[in-house]
Amino acid sequence: MAEHSTSYNPGTGVEKWLDERLPIIRFSKEHLMDFPTPKNLNYWWTFGAILTVMLAVQIVTGVVLAMHYAPNVALAFNSVEAIRRDVNGGRILQAVHSVGASMFFFAIYVHMFRGLYFGSYKAPREILWMLGCLIFLLLTATAFMGYVLPWGQMSFWGATVITNIFSAIPIVGDGIMQWLRGGFAVDNATLNRFFSLHYLLPFIIAAVVVLHTWALHVPGNNNPIGVEVKSSRDTVPFHPYYTMKDLYGVVLFLIPFAWFVFFAPDILGDASNYIMANSQVTPTHIVPEWYLRPFYAMLRAIDFNVLFIDSKLGGVIVMGGSLLVLFFLPWLDRSKVRSGTFRPMFKWFYWLFVLNFIGLTYLGAAPAEGIYVIIAKLCTLYYFLYFLVILPVLSRIETPRPLPASISESVLGAAH
Amino acid sequence: MATGAVGAVGVAAAVWPLIDQMNPDQSVLALSTAEFNIAPITEGQTVTVKWRGLPVFIRHRTPKEIQEAKAVPLSELKDPATDEQRTKAGHEQWLIMIANCTHLGCIPLGQSGDYDGWFCPCHGSQYDSAGRIRKGPAPKNLVLPPYKFLSDTMVQIG
């Protein structure tokens, strides 16, 4: 890597003066332009850049929407409708923000499944992975609170159901629930604080993204064959090679995004949210937005008591556990081989896991009765088996295929 | 050490108001009581009233529902309670309970499900005609608010 290290020579007197006081140009050149990047990264790797763009899009549109939004139970619903009807260009701004949440989650799921397949969580990238999981948790909280702000029926009942989750905690649960709500029921106090936190959290996410990028730039990128960079022949500078590739990925990603915004801004949402919140009537089907459904399906799959743990607390433990288990993944999968490409048995279980996750997404919106309840239980079981049993066992019994000697060899073929 | 300890106490004292401001304030906590005239509620009808911001069911039960509720052996119940414990003596036709499902707080739909009681559409919990949990993820029976009958037609909740 040494050959790629920055060769920044301040050209002018002003640059030299700045470099001796705040070497920000040197830093940018080192990390945004010259950074040695494996030359075999495929398009799955562009989702990091796509996610950065999405965070920026959500913050910018969010800030301008907040100029027109009123966080009060009497005004909130109508203020969002006014944004969609009256505010100049508000129809598009609001659609970009709400569709943007879906696109953000789509990108982060692809990014995470990429990491799962190519073993990007393995040493020395454990911290990088855990920071990513933290970003996912923060994103989930932000999206949930944002969904409450339009104060429709789904907003209200979603807030009721999710704050109720905390009441499952023994003894202090009810107190925590009332502390979160600021009352006995979800009301104005709840809406106000959710608006405050929804504005705050994206900036915390941005800070964690900085740490995430820092943790990436210490060991450098993983790559599709999972063999570490061995010489400068294995890498290319980030700019222009990956800035251009990422930009192309971003443009492709913006096409479906724009289609949703222009032609179907509400297709991903729920019609019930265009009815103003009513604390006396529950919609017939309470379903979260699609991106939270897998975890919602696991929450309600537990409808039986286990020993002294009642079904409600059990569901909460399972849903919380499904997120927490991700943090321990680097120590559950002990296989020395990173990339799934060279793991013949792992591949099958991995793709079954992907299917299983899509299944959970579907089940999160299916009625909670009959055959769906049974399938949801099986899917929840497989989700946990994959992390807690299959990956640890596979790392012991699987014989991986031989790895290429280096990234260059995998790209150019072995030297003759 | 001493400086650190005093500093920690100072920080805690400064942080506490920041946490406590999120708790329900006095105007919310002021335990309100509300009186309702139940005379217009006919047999087989449920009225949902609002108490402390929460919806409350007032159900005028039919003799069939009362009979069914009394016939259930306690051993079949997840959260055992007799029908007598769920109602007030002499007013057994009146079932008054907080309308939030004890699972995650949705309002169950009346007179549906397998037990002639309530069915929660959110996660599939089912309650019988005494509001007791019979099936699904909810852990407890529908919660009874504190209430008393001022007369045969007036009830005070809270």
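I began with terms: helices (H or I, at least four residues) and strands (E, at least two) are DSSP runs, numbered from the N terminus. Two strands pair if DSSP finds at least two bridges between them.

I noted that this is a predicted model, in which local features need pLDDT of at least 70, side-chain atom pairs count only at pLDDT 80 or more, and totals for chains, interfaces and linings use all residues. Residues are numbered from 1 along each chain as its sequence is written, while chains are lettered from A and ligands numbered from 1 in the order in which they are written.

**Entry 1. A sheet in chain B**

I looked up strand 9 of chain B and found 3 bridges to strand 10 (residues 154-157) of chain B, with the two strands running antiparallel. I recorded B:Val155 in strand 10 as the bridge partner of B:Phe149. I then turned to the sheet itself, an open one of 3 strands in the order 1-10-9 (chain B), paired antiparallel. Strand 1 (34-37) and strand 9 (147-149) of chain B stand at its edges; each has a single partner strand, so one side of each is left without a neighbour in the sheet. From one strand to the next, the twist averages 20°; for such angles, axes are lines fitted to C-alpha atoms, for helices over the stretch in contact, and angles run from 0 to 180 degrees between N-to-C directions.

**Entry 2. Chain B against chain A**

I next looked up the contact between the chains, where two residues are in contact if their C-beta atoms, placed from the backbone, lie within 7 Å. Chain B contributes 23 residues and chain A contributes 30 residues. On the side of chain B, the elements that give two or more residues are strand 2 (46-51) and strand 3 (54-60).

**Entry 3. Domains of chain A**

I found that the domain assignment of chain A gives domain 1 (29-267 + 275-282) and domain 2 (287-396); such bounds come from an automatic or database domain assignment. The centres of the two domains, taken over C-alpha atoms, are separated by 22 Å. Their contact takes 24 residues from domain 1 and 20 residues from domain 2. On the domain 1 side, helix 5 (90-118), helix 6 (126-148) and helix 7 (153-165) of chain A are the elements that give two or more residues. Helix 6 provides the largest share of that side, 7 residues. I counted the classes there as 16 nonpolar, 6 polar and 2 charged.

**Entry 4. Nonpolar cores**

I took a nonpolar core to be a set of buried Ala, Val, Leu, Ile, Met, Phe, Trp, Tyr and Cys residues joined through C-beta atoms within 7 Å. A residue is buried if 20 or more other C-beta atoms lie within 10 Å of its own, exposed if 12 or fewer, and partly exposed in between, with C-beta atoms placed from the backbone. The largest core has 90 residues, and those with the most contacts inside it are A:Ala107, B:Val56, B:Ile96, B:Met97 and B:Cys106. Helix 5 of chain A gives the most to this core, with 8 residues. Domain 1 and domain 2 of chain A both give residues to this core, so it lies between them. Apart from it I noted another core, of 5 residues, among them A:Phe35, A:Leu41, A:Trp45 and A:Tyr242.

**Entry 5. Backbone particulars in chain A**

Most residues other than glycine have a negative phi, and most peptide bonds are trans. A:Trp151 is buried, with 25 other C-beta atoms within 10 Å. A:Ile171, also not a glycine, has a positive phi of about 65° and lies in the loop between helix 7 and helix 8 (173-181). A:Ile171 counts as exposed, with 7 C-beta neighbours inside 10 Å.

I also recorded a cis peptide bond between A:Ala123 and A:Pro124, with omega about 5°; A:Pro124 is in the loop between helix 5 and helix 6.

Key
Nonpolar A, V, L, I, M, F, W, Y, C, P; charged D, E, K, R; others polar.
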